[in-house]
Structure formats: C-alpha cells, structure tokens
Amino acid sequence: MRSVVSIVAILALSAGILPAGASSPDDKNIDQQSIDLLEARANQAAPREQCFLYAELLHQMTEFSLREYAAGDVEKASGLLKRIQTLAHKIHLSVGDDNKRLKNAEILLRHTTFRLNEMLHNSAFEDRPLVQETLAQVSQAQTEAMLQVFRK
Amino acid sequence: MRSIVRLVPIAVLLLGLSPLEAQKEKREPLTEAQIEQIREAGIDPAERVALYTKFLDEHAEVIKGLTNRAKSPARSNRLDGELQDFTALMDELGDHLDVYSERKADIRKPLGPLAESAQRWLRILRALAGEPGFDLARKEAIESVDDLADEASRLLREQTNYFNEHKDEKGQERAEPK
C-alpha cells in the first residue's frame with residue numbers, strides 16, 4: 001500500500017498537481033524580461049484579474065529596483081520606482097470587491113510596502129525623497145485594498 | 001502489487017491526455033495584433049469596450065461574408081469556429097461590462113455604438129440559415145448577442161441616469177471611495 005501511495009504522490013508532484021514548496025515571494029528570479037512579460041499579461045487581463053496582476057508586477061519591480069540599487073545602478077532603480085508609482089495608480093483604479101484575489105493583492109502590497117521601507121532606510125539621503133514618495137503611493141493602494149477586503 | 005499495476009496506466013493516461021484535451025478545446029478569438037491593442041488600452045474601461053465592439057464587428061463581417069458562400073464542409077467548419085469565437089468575445093465583453101458597471105466607470109460613450117452594433121450582429125446571425133455543422137454555435141451566438149444587447153441598453157440607461165445625478169463623477173474610471 002505504501003508503494004501505491006508513493007507512486008501516486010510522485011506522479012502527482014511531477015505533473016504539478018500538488019503545489020510546490022512554499023517560497024518567499026522575493027525568491028523569484030526577477031529580471032527585466034519577466035517584468036515585461038508580466039506587464040503585458042496584466043495589461044491584457046480581464047478587469048477582475050488586473051488588480052492582483054498589477055500588485056504582483058509592482059512587487060516584482062520593487063524587488064528588481066532593490067537589487068539594482070544594491071548593485072549600484074541608481075538610475076535603473078529610480079526609473080523602476082517611477083514606474084511603480086504609475087502602477088500604484090493602476091491598482092487604485094482596478095481595486096474591486098469581486099474576488100478572493102483582492103486579499104492576495106493586499107498581502108502582496110503589504111509586503112511590498114515593507115520592502116520599500118527597508119529600501120528607504122538603506123538608501124542614500126539624496127535618493128530618499130523618491131523612495132518615500134513611492135512608498136506613500138504603494139501604502140495608499142494597500143490601504144485601499146485592505147479597506148475593500150473589510151468592506152466585503 | 002496488482003493495484004500498482006492498475007494505478008500506473010490510469011495516472012499516465014490522465015497526465016498525458018489532459019493537456020491534449022485542453023489544447024483541442026482552447027480557441028483564441030483575438031489575433032496577436034488585437035491582443036496588442038487591448039494591452040495598449042490597458043486599464044481604460046471605455047477604450048476596452050470600444051475595442052471589443054470593433055473586434056466583434058470584424059467577426060460579424062466575416063460571418064456575414066461566409067453566409068452567402070456555397071455550402072461546403074469547409075464553410076460549415078469555418079462558420080462553427082467563427083461563431084464560437086464571436087460568442088467567446090461577447091461573453092468576455094459581458095464580464096467586462098459587469099465589472100465596469102460595479103465600479104461605476106463612465107462607459108456611456110462606447111455603450112451607444114455597442115447597443116447599435118449588437119442589433120446589427122443579431123440581424124447577421126438571423127440571416128444565417130442553420131446547418132447541423134454549426135447550428136449549436138449559431139444558437140449560442142444569438143443568445144449571447146441578445147444578452148449583450150440587453151445589457152448594453154440597460155447599462156446605457158442606468159449610466160445616463162447615474163451620471164446626470166452625479167455630474168462630478170463624469171468620465172471617471174471608477175467610483176472613488178467617499
């Protein structure tokens with residue numbers, strides 16, 4: 001019997017039926033290409049899906065910005081932060097009350113604000129205003145998503 | 001041991017067949033160029049409704065063109081696919097309208113042309129005589145156009161009243177929390 005269970009479990013795992021081990025959302029191998037792909041997907045998604053996808057995109061861009069900043073490419077990191085601000089506005093426009101993915105979006109946004117806060121404390125003095133402004137906009141989007149979750 | 005022998009082929013069959021079935025059923029009603037236009041419209045509700053109306057118009061014209069062609073299995077097959085795509089697009093648009101309506105997005109501008117177009121699409125579909133090869137797809141398409149035409153007209157009325165009462169919200173992409 002044990003062997004039956006093992007075989008079924010192995011087959012199910014190999015087919016991706018069972019979820020892979022939980023990993024931190026920051027563990028993903030994020031690069032410009034994966035961001036561009038996700039952005040294209042979010043832009044063409046159904047309106048109900050867009051809020052979560054933009055939140056995911058915003059999170060990936062934040063992680064990428066953090067990495068570029070740590071690597072010394074301040075210009076690239078700043079460009080990403082400016083795009084994050086535009087995305088925060090898109091999240092504001094797409095927050096709906098219609099699906100459980102809103103909760104996931106809210107969690108992702110909360111985590112992103114935490115990461116931006118880390119960036120704020122670790123960044124050079126002259127770079128802080130942009131990080132602070134971005135953090136404020138993402139926080140606003142997160143608060144809005146959270147209120148919408150409670151409103152349901 | 002026997003149970004293992006029985007389980008393995010079943011599991012292998014399930015793993016192997018599911019993607020094939022999915023591939024067979026999955027149709028993409030939009031071309032790559034149309035998808036690109038949707039991407040560019042992004043989050044703009046009015047633009048998206050206008051684009052879907054345009055794409056549906058294009059599908060309707062193809063169906064109209066096929067209506068008068070000589071009957072053949074190829075025509076029948078093509079019509080079946082076109083009608084399925086047409087219905088899938090209308091259902092997608094219907095879902096979008098539900099969301100935009102909940103959000104109180106101002107989509108009055110594209111709703112008028114949509115309501116008019118839906119009546120034209122209905123005429124095109126009714127002019128197409130049913131055949132066994134695509135009759136089910138044709139009936140589903142007619143039902144979807146009916147639903148979409150009703151929804152577009154109802155929404156237009158509701159939005160006209162709403163934005164007359166809430167003039168400060170005209171042109172908004174969603175209702176702001178107050």
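Helices are DSSP runs of H or I with at least four residues, numbered from the N terminus. By this rule Glu118(A) lies in helix α5 (residues 101–122) of chain A. The model is predicted: local features need pLDDT of at least 70, side-chain atom pairs count only at pLDDT 80 or more, and totals for chains, interfaces and linings use all residues. Residues are numbered from 1 along each chain as its sequence is written, and chains are lettered from A in the order in which they are written.

Glu118(A) is partly exposed, with 13 other C-beta atoms within 10 Å; a residue is buried at 20 or more such atoms, exposed at 12 or fewer, and partly exposed in between, with C-beta atoms placed from the backbone. Glu118(A) and Leu66(A) are 52 residues apart in sequence, yet their C-alpha atoms are 9.2 Å apart in space.

| Helix | Residues |
|---|---|
| α2(A) | 32–44 |
| α3(A) | 47–70 |
| α3(B) | 45–67 |

The axes of α2(A) and α3(A), lines fitted to C-alpha atoms over the stretch in contact with angles from 0 to 180 degrees between N-to-C directions, come within 9 Å and cross at roughly 165°. The two helices are therefore roughly antiparallel (over 145 degrees).

Helix α3(B) has 23 residues and reaches 33 Å from its first C-alpha to its last, close to the expected 33 Å, where the expected span is 1.5 Å times one less than the number of residues. Its buried residues include Arg48(B), Tyr52(B), Phe55(B) and His59(B).

Methods:
Angles under 35 degrees count as roughly parallel, over 145 as roughly antiparallel, 65 to 115 as roughly perpendicular and the rest as oblique.
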